[in-house]
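Below are my notes on the pockets and on the strands of this model. They are set out as numbered points.

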Amino acid sequence: YPTGSEVKYGIIQDTNTPMIIERLKQAGYQPTSGSVLNDDQNEIANNLYEAIQDGYGLIIITGGVGAEDKDQTIEAIQKITPHISTPYIIKYKKGTRRHHKDGVKIAVAKLGPTTIIALPGPNDEVQAGLETALNGIKKDYDIPTLAAEIARSLKRVLKQKIHGN
């Protein structure tokens with residue numbers, strides 16, 4: 001599931017979903033794409049819960065994990081399961097500029113047999129997070145370990161963006 005009005009209304013192109021679908025096929029999954037979701041806790045939570053009820057074993061959601069007030073993906077996942085790990089990938093001072101939260105987090109959660117992974121929206125971050133997630137799933141990492149490994153890979157991507165090394 002991609003999230004955000006900027007994707008829903010075509011302001012930015014969804015490059016993540018086609019890439020995720022292709023990569024999951026290569027990894028042996030039978031993926032389908034979910035509709036673009038608004039930045040709304042209830043809408044996100046309801047769609048994730050329906051996908052879980054439909055028997056999906058892995059759900060990838062992109063966007064809505066930032067520090068802005070509109071970013072509601074983490075909170076939506078927390079509404080449907082307490083089995084969640086949400087490590088930071090970058091921290092901010094809460095209340096500065098657009099930062100209504102103290103940082104950007106990702107999430108890895110479990111509800112029944114379903115694993116939910118929430119990644120940021122930028123394509124390079126989704127690619128890095130997805131590769132790390134698939135590797136960790138193959139190695140049967142538990143939820144906190146999988147979340148920590150994904151966060152670590154995303155921190156490397158952010159460090160390279162910021163510092164160029």
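1. A pocket here is an open set of points on a 1 Å grid over the protein atoms alone, where a 1.4 Å probe fits, with protein on both sides within 12 Å along at least five of seven lines; lining residues have an atom within 4 Å of a point. The model is predicted: local features need pLDDT of at least 70 and side-chain atom pairs pLDDT 80 or more, while totals for chains, interfaces and linings use all residues. Residues are numbered from 1 along each chain as its sequence is written, and side-chain values use heavy atoms, with hydrogens and water left out.

2. The largest pocket is lined by 32 residues, and G64, G66, P120, G121 and P122 lie nearest its centre. Two or more lining residues come from each of α1 (5-8), β3 (88-91) and α5 (123-138); helices (H or I, at least four residues) and strands (E, at least two) are DSSP runs, numbered from the N terminus. The space in this pocket is about 690 Å³, a volume being the space filled by probe spheres set on the grid points, which are joined across faces, edges and corners.

3. By residue class, the lining of the largest pocket has 12 nonpolar, 11 polar and nine charged residues. Ala, Val, Leu, Ile, Met, Phe, Trp, Tyr, Cys and Pro count as nonpolar, Asp, Glu, Lys and Arg as charged, and the others, Gly among them, as polar.

4. The second largest pocket has a volume of about 360 Å³. Its lining comprises 19 residues, with L24, T32, L58, I59 and I60 closest to the centre. Both α2 (16-26) and β1 (58-62) supply at least two lining residues. This lining has 12 nonpolar and seven polar residues, and no charged ones.

5. β1 pairs with β6 (residues 114-119) in the parallel sense over five bridges; pairing requires at least two DSSP bridges between the strands. L58 has T115 as its bridge partner in β6.

6. β5 (residues 107-111) has four of its five residues buried. β5 and β6 are antiparallel, with five bridges, and A107 is bridged to A118. Two residues separate the strands in this hairpin, where G112 takes a positive phi near 60 degrees. β2 (residues 84-85) also runs antiparallel to β5, joined by two bridges, with A109 as the partner of I84.

Notes: Buried means under 20% relative accessible area, exposed over 50%, partly exposed in between (1.4 Å probe, protein chains only).
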